[in-house]
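Biologist: I am new to this structure and would like to learn how to read its features with some care. Could you take me through them slowly, giving the general idea before each case?

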Amino acid sequence: MEPDLLSGLPEPERTRVAELMVRRYFSRGESLFHEGDAADCVHFLVEGHVLVRRTTPAGDRAAFTVMGPGEACGELALLSPDARRTSSVQALEPVVTLVLDARAFTALTVQRPEVNRLLVDLLAARVRRLSDHLVDALYASVEQRVVRRLVDLCAIYGVERGEAVLPLTQSDLADLAGASRPATNRVLRGLADQGLVVLARGRMRLPDVAAVRAVAG
């Protein structure tokens, strides 16, 4: 299976990049890489979802996004062979990735400059994610951010209607919403009182995703 992000490349270049990729498997809770590691490859997600964390200026560990099939993590490795990971990535369930070695990619771009289009697409996807998070952080209330993150997570897991089970803690959701744990708990309790969320250890169940989306506005 070729990653969707290769679709912008001409067929010969897409084939060359795909030939360089190695399939990797990760168990639930296993780390793809850690903050501070050498950034020597990029992971294209084929199956499963990952939680991305990084260290705050105060020294705390904070989650800031969840990624799923069709996305890539660690793309900054392609910018410099001497770069270090700026975040840690952990599997939320069994995960399969296609790994592209940074040095092999750099060597290929010398032969085929058109392949640099892949790096442009990867960085554009990162900018879009950061822009969306910034707008929410500046203009949305805590309640809106928490509910919108729930809706976003359902979309990431491919659930548009019916029931969704999200394997994240309330602390993870607070980080993703850019809110404090107490404020996030307050919002979740309100949703639970309405029957929109069922809270359990290490996961959240949404019986009716469409109803939660309606609350998100």
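Predicted model: local features only at pLDDT ≥ 70, side-chain atom pairs only at ≥ 80, totals over all residues.

Modeller: Let us begin with a single strand. In a regular strand the side chains alternate between the two faces of the sheet. Strand E11, residues 203-206, has a covered face made of Met-204 and Leu-206, and an uncovered face made of Arg-203 and Arg-205.

Biologist: Which strands are joined to E11 by bridges?

Modeller: Two strands pair if DSSP finds at least two bridges between them. Strand E9, residues 164-166, is joined to E11 by three bridges and runs antiparallel to it, with Leu-166 standing opposite Met-204. Strand E10, residues 198-200, is also antiparallel to E11 and joined to it by three bridges; here Ala-200 has Arg-203 as its bridge partner, and Val-198 has Arg-205. The hairpin of E10 and E11 has two residues between the strands, and in it Gly-202 takes a positive phi near 75 degrees.

Biologist: In what order do the strands of this open sheet stand?

Modeller: The order is E9-E11-E10, with antiparallel pairing. E9 and E10 stand at the edges with a single partner strand each, so one side of each is left without a neighbour in the sheet. From one strand to the next the twist averages 15 degrees, where axes are lines fitted to C-alpha atoms, for helices over the stretch in contact, and angles run from 0 to 180 degrees between N-to-C directions. Helix H4 packs on this sheet, touching E9 and E11, and its direction makes about 105 degrees with that of E9; contact means heavy atoms within 4.5 Å.

Biologist: What is the strand order in the open sheet of four strands?

Modeller: That sheet has the order E2-E7-E4-E5, and the pairing is antiparallel. Strand E2 (31-33) and strand E5 (61-67) stand at the edges, each with a single partner strand, so one side of each is left without a neighbour in the sheet. The twist averages 30 degrees from one strand to the next. Helix H5, residues 170-177, packs on the sheet and touches E4 and E5, its direction making about 80 degrees with that of E5. Strand E4, residues 50-55, pairs with strand E7, residues 88-91, over four antiparallel bridges, and Arg-53 stands opposite Ser-88.

Biologist: Which residues does Ser-88 touch?

Modeller: Leaving out residues up to four places away in sequence, Ser-88 touches Phe-33, His-34, Glu-35, Leu-51, Val-52, Arg-53 and Arg-61. Ser-88 counts as buried, at 8% relative accessibility, and a polar atom of its side chain lies 2.7 Å from the backbone nitrogen of Glu-35.

Biologist: Why can strand E3 be called largely enclosed?

Modeller: Six of the seven residues of E3, residues 41-47, are buried, so the strand is largely enclosed by the rest of the structure. Six bridges join E3 to strand E8, residues 95-101, in an antiparallel run, with Asp-101 as the bridge partner of Cys-41. Two bridges join E3 to strand E6, residues 72-73, also antiparallel, and there Phe-44 stands opposite Ala-72.

Definitions and conventions. Residues numbered from 1 in each chain as written. Heavy atoms only, no water. Buried < 20%, exposed > 50% of the residue type's maximum accessible area, 1.4 Å probe, protein only. Polar contact = N/O pair within 3.5 Å; in protein donor to acceptor, adjacent residues only side chain to side chain.
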